[in-house]
Amino acid sequence: MHDARQALGTRLRELRHQAGLNGKQFAESLAWQASKVSKIENGKQTPTAEDITAWTSAAGAEPEAEGLLASLRTLEIQYAEWQRQLRGGLKPHQNEIAEINARTRFFRVFEPTNVPGLLQTAEYARARFAQSVTVLGVRNDIDDAVQARMRRQDVLYRPEKRFHFVLTEAALRYRLCPPEVMLGQLDRLVSMTSMPNVKLGVIEFDTTYVVAPAHGFWMLDEDRVMVETFSAELNLAQPHEIDLYGTIFDSLAAIASYGRSARSTITNVIDHLARKTADNSA
């Protein structure tokens with residue numbers, strides 16, 4: 001949080017400099033104490049939304065207000081370490097995401113390595129949560145977390161919501177769970193391709209990419225982009241960041257296969273995995 005607050009303060013200082021005012025002059029123009037300007041610029045005090053609006057007005061930089069207010073809104077959650085987020089267990093975080101999902105009307109999701117939580121079977125979700133417990137050493141409340149994730153999936157059946165998922169073929173083939181669990185998961189994906197408010201695309205291995213599938217991300221309306229790393233969850237809300245990820249998502253979605261073609265790819269993976277599993281059991 002401190003780094004994000006400091007970055008916000010640095011940007012505000014730049015706007016003051018561009019206005020040609022020193023700290024004392026700027027404070028006087030706002031009827032503030034000079035110490036307040038200094039604290040905000042040095043990341044020692046978090047400005048309010050009213051402070052941001054007044055600052056950009058005094059600096060003659062009103063067009064900058066929207067982006068700065070977006071930074072302020074996500075200051076607390078911009079970089080949320082998993083150790084801090086999950087200290088109360090996995091279930092509370094699932095409930096927090098459920099609240100965000102309830103407010104979201106349009107979901108755009110790209111995942112290059114795993115099946116998105118909203119599409120997971122209970123068994124696949126259990127395997128993903130087990131990794132979090134092992135890697136992060138957090139409280140083991142997997143049973144409760146799985147139930148919470150399954151409840152989250154109720155949003156899929158709300159007709160006013162729209163979902164566009166894009167997965168790579170690799171996400172269908174990575175062995176992140178036992179084969180029998182993956183077979184059940186793949187079967188569920190086949191059924192999801194027929195839902196009226198869900199668009200599910202698969203990028204096949206032999207597809208040429210314009211933009212590399214560097215990492216997964218979730219776009220929630222035009223408000224937020226969520227990116228998960230091994231150590232933290234990033235929440236991006238700057239208008240230019242959202243625009244960039246929107247462009248990237250469109251590029252990835254354009255090369256994905258949908259409908260019958262997507263189902264064919266998934267069923268081919270099912271057939272291959274089923275044969276491998278049978279051979280290993282023989």
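**Salt bridges, burial and cores**

Visitor: What makes the pair of D143 and R126 a salt bridge?

Guide: The closest N and O atoms of D143 and R126 are 2.6 Å apart. A salt bridge requires a side-chain nitrogen of Lys or Arg within 4 Å of a carboxyl oxygen of Asp or Glu, so the pair qualifies. D143 belongs to helix α9 (residues 142-152) and R126 to helix α8, 17 residues apart. Helices here are DSSP runs of H or I with at least four residues, strands are runs of E with at least two, and both are numbered from the N terminus.

The model is a predicted one, in which local features need pLDDT of at least 70 and side-chain atom pairs pLDDT 80 or more, while totals for chains, interfaces and linings use all residues. Residues are numbered from 1 along each chain as its sequence is written, and side-chain values use heavy atoms, leaving out hydrogens and water.

Visitor: Why is D143 called partly exposed?

Guide: Buried means under 20% relative accessible area and exposed over 50%, with partly exposed in between (1.4 Å probe, protein chains only). D143 has 46%, and is therefore partly exposed. R126, at 38%, counts as partly exposed too.

Visitor: How do you know whether E222 and R108 are buried or exposed?

Guide: E222 has 51% relative accessibility and therefore counts as exposed, whereas R108, with 8%, is buried. Their closest N and O atoms lie 3.1 Å apart, in a salt bridge. E222 sits in the loop between β5 and β6 (224-228) and R108 in strand β2, so the pair ties together parts 114 residues apart in sequence.

Visitor: Why is E41 called buried, and what is R13 called?

Guide: E41 has 5% relative accessibility and therefore counts as buried; R13, at 21%, is partly exposed. Their side chains meet in a salt bridge of 3.6 Å, N to O. This pair joins helix α3 (residues 34-41) to helix α1 (residues 2-18), 28 residues apart.

Visitor: What makes helix α5 mostly covered?

Guide: In α5 (residues 65-73), seven of the nine residues are buried. Among them are A65, G67 and L68.

Visitor: What makes a set of residues a nonpolar core?

Guide: The members are buried Ala, Val, Leu, Ile, Met, Phe, Trp, Tyr and Cys residues joined through side-chain atoms within 4.5 Å. The largest such core has 33 residues, and L156, F165, L186 and L189 have the most contacts inside it. Helix α11 gives the most to this core, six residues. Apart from it lies another core of 16 residues, L12 and I52 among them.
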